[in-house]
Amino acid sequence: MLSEALRLIRVYHDLKQQDLAEKLEISKSYLSEIESGKKTPTIELIEKYASQFGIPASSILFFSENLDDPSRASKVKGAIAGKVLQFLQFVEART
């Protein structure tokens, strides 16, 4: 879910992969692999991402929590994360 959240945040801010890659000082291909879930971003990259968009890194990391944990708190967090992603996908569809 982290990869999809990162992609949707970029899309919401109307940035192309190339533009964001330059701002984050990474290659476009690496950003593409992160957004497709083929690569996992480093903490340093998540912090750069958070700084770029004015989002707390903790909010971005929220999406990467282990959703397989059967505890009730984890299920609630997973449901919230899913709703946030649905909202971002809705916003993406409107642009």
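Predicted model: local features only at pLDDT ≥ 70, side-chain atom pairs only at ≥ 80, totals over all residues.
**The aromatic pair**

The structure holds one aromatic pair. Its partners are Y49 and F53, with ring centres 5.1 Å apart and planes at 50°. That angle makes the pair tilted, because stacked rings need planes under 30 degrees apart and edge-to-face rings need over 60. Both residues belong to helix α4, which spans residues 43-53. They sit four residues apart, about one turn of the helix. In an α-helix, residues three or four places apart point the same way, because a turn takes 3.6 residues.

**Burial**

Y49 and F53 are both buried. So is Q17, a residue of helix α2. The cut-off for buried is under 20% relative accessible area.

| Residue | Helix | Relative accessible area |
|---|---|---|
| Y49 | α4 | 3% |
| F53 | α4 | 11% |
| Q17 | α2 | 16% |

**Around Q17**

Helix α2 covers residues 17-24. Leaving aside residues up to four places away in sequence, Q17 touches R10, K28, L31, S32 and E35.

**Helix α3**

Helix α3 runs over residues 28-35, and L31, I34 and E35 are buried in it. These three lie on the same side of α3, because they cover an arc of only 95° around the axis. Which helices do the buried residues of α3 pack against? They pack against α1 (2-12), α2 and α4. Just after α3 comes G37, with a positive phi of about 85°.

Methods:
Residues numbered from 1 in each chain as written. Heavy atoms only, no water. Phe/Tyr/Trp six-rings, centres within 6.5 Å; stacked < 30°, edge-to-face > 60°. Helix = DSSP H or I, 4+ residues; strand = E, 2+ residues; numbered from the N terminus. Buried < 20%, exposed > 50% of the residue type's maximum accessible area, 1.4 Å probe, protein only. Contact = heavy atoms within 4.5 Å. Arc of directions from axis to C-beta.
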